Every structure is written in structure tokens, then in C-alpha cells.
Amino acid sequence: MGRPGTLQGVPDPFSALIDLDGVPSAFAATRDGIDSLLRDRGLRRSTPEMTADSLLLGAAASAAIEGAPYDPDGLRRGDADPLALAVARMTTELLGLVPTWNRAPLQAVARIHSLVARGRVDDDELGRPVSPEGARRLGTLAQAVVAPTEAPGLLVAAVVHAEIATAGAFASDNAVVARAAERLVLVAKGVDPASLTVPEAGHLAAGQGYAKLLGEYEADGTPGVHRWLLYAAQAYADGAEAAPVDPPKGPRRRG
């Protein structure tokens, strides 16, 4: 991948990252918090409307990270920034891609890009990598995703997010695609089966720290990967707090 060896050369590359200091406890604490929060706030009584609201909040947050106004109410009315509308359109099909993700992750990623980028890039670039190196990295990631792993689902989601975002395989919207794939992983791995948490809100809450840590993941070898994983554990915890089981609320910015 971007850092040679991160997901290569070992039978279970995700599990190899669990040995990084503090990572197991950080993800275990976050998973416990997610389980407790969703249970206490009504996971057993979850409805399709709650899932749809979470997806809409995630679309608004994901677009806001890219510079669009954060306006969930406008997005509900269909009166929002074009990028936010495109991301919301993509999320209407997102959870239907979970089976595709489990058997052919590259197809799911290509479909996500096609949905979000339609009308914004040339048709022959929809869902098709334009970077050979980016395509290679996505291929390596896909091989890792379909292989058995002992790693927690939260860690897999964090690595999937960072790899897609930094590979730069597509002509546009790589980070948007990465955040959508992250949500797929959280569902597919059973972390959040009803997709009620809003991980995109957790990343929005991090402010400039989000892009900074993605850059460090790409450029700073194992220390950068380590910092990204610890960051992701906190972002997922913040995303759980934004779950629309209670009245919806926006993300808290951390700086």
C-alpha cells in the first residue's frame, strides 16, 4: 500500500496492527461504549426511519468535511449543496451493497464512486480508477478485506477508510467513498448492524485533525498508522454519540 508492508506480507495484515501500543484497549473501550449506547438508547427498537436519519446525518457530515455547509434539515428537504445531495443519493443504496462488499469489495467501492460522482466527472471515470498505483492499493486492500482476520471490526473499518482515502484511485471524491466504505464495514462486521451510529460526524467533529491524521497515515509509516488508529477509536465513539436514537443532534467540533 502507500506504506510498503502495512497490508502486505503477513497472513492477517489487520491483526498485525493490533500489537500497536494502546490500540487494543482503545478499540475495546469504543466497542463497549457503542454496544452500551445503542442498547440503552433503543437499538432493539430501531426502525428503518432511524437508519435513514443516520445515513442522512452522515451524508451531511461527509459533505461538510469536503467544504459543503452542514445542513441536515436542508438536505431532508432536498435543498442543499450539490455535493451533499450527491452523497445523500449515494447513501440510499449504500446498505444494499453490504453483500457485495463481503464477496467483492472492489465492486462495492466502484459502485459507491459511481453513485456519488455521477454528473460531476466524465462517465468513463465513474467507478474506474484513474491512478494505476491507486488501483493497485485498492486491489491489495480488497484481498485483505475478504481474508479471515482476528482483528476487531472497528480496526478494519479504520484501515479501509484510510487506505481508500489516501490511495487516490478515483478522479474525485476519494475521501467520500472512503467514509461510505467505512460505514459498510461497521455494518458487515456486526459493530453497528442497523447503521445507527454516524462515524462521519465523528470525523467532522475532529476538524482539521482529520485531514492531518490521514496525511500522517500516508506519509509517516507505522507511527502515522498508529496515530490514525487511536484517532479512529475516538471518532467512532463520537459518531455513536450522534446516533439519532434520541432527537438528532449535530457533531461537536473538537478543533
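**View 1. Four aromatic pairs turn up in a search of the whole structure.** Rings of Phe, Tyr and Trp (its six-membered ring) pair if their centres lie within 6.5 Å; planes under 30 degrees apart are stacked, over 60 edge-to-face, the rest tilted. The model is predicted: local features need pLDDT of at least 70, side-chain atom pairs count only at pLDDT 80 or more, and totals for chains, interfaces and linings use all residues. Numbering runs from 1 along each chain as its sequence is written, and side-chain values use heavy atoms, with hydrogens and water left out.

**View 2. Tyr210 and Trp228 form a tilted aromatic pair.** Their centres are 6.2 Å apart, with 50° between the planes. Tyr210 sits in helix H12 (residues 208-219) and Trp228 in helix H13 (residues 221-241), 18 residues apart. Helices are DSSP runs (H or I, at least four residues), numbered from the N terminus. Both Tyr210 and Trp228 are buried, that is, under 20% relative accessible area with a 1.4 Å probe, protein chains only.

**View 3. Tyr210 also pairs with Tyr231.** This pair is tilted too: 6.5 Å centre to centre, 45° between the planes. Tyr210 is in helix H12 and Tyr231 in helix H13, so the pair ties together parts 21 residues apart in sequence. Relative accessibility is 4% for Tyr210 and 7% for Tyr231. Ring pairs link Tyr210, Tyr217, Trp228 and Tyr231 into a cluster.

**View 4. The largest nonpolar core has 82 residues.** Such a core is a set of buried Ala, Val, Leu, Ile, Met, Phe, Trp, Tyr and Cys residues joined through side-chain atoms within 4.5 Å. Leu155, Trp228 and Leu229 have the most contacts inside it. Leu155 touches Phe14, Leu17, Ile18, Val23, Phe27 and Leu229, leaving aside residues up to four places away in sequence. Contact means heavy atoms within 4.5 Å.

**View 5. Helices H5 (residues 82-94) and H7 (residues 105-117) pack at about 145°.** Their axes are 7 Å apart. Axes are lines fitted to C-alpha atoms over the stretch in contact, and angles run from 0 to 180 degrees between N-to-C directions. From H5, Ala86, Val87, Arg89, Met90, Glu93 and Leu94 meet Arg111, Ile112, Leu115 and Val116 of H7.

**View 6. Asp173 and Ser195 have positive phi.** Most residues other than glycine have a negative phi. Asp173, with phi near 60°, lies in the loop between helix H9 (153-167) and helix H10 (174-188). Ser195, with phi near 55°, lies in the loop between H10 and helix H11 (199-205). Asp173 is buried at 13% relative accessible area, and Ser195 is buried at 1%.

How values were computed. Helix = DSSP H or I, 4+ residues; strand = E, 2+ residues; numbered from the N terminus. Buried < 20%, exposed > 50% of the residue type's maximum accessible area, 1.4 Å probe, protein only.
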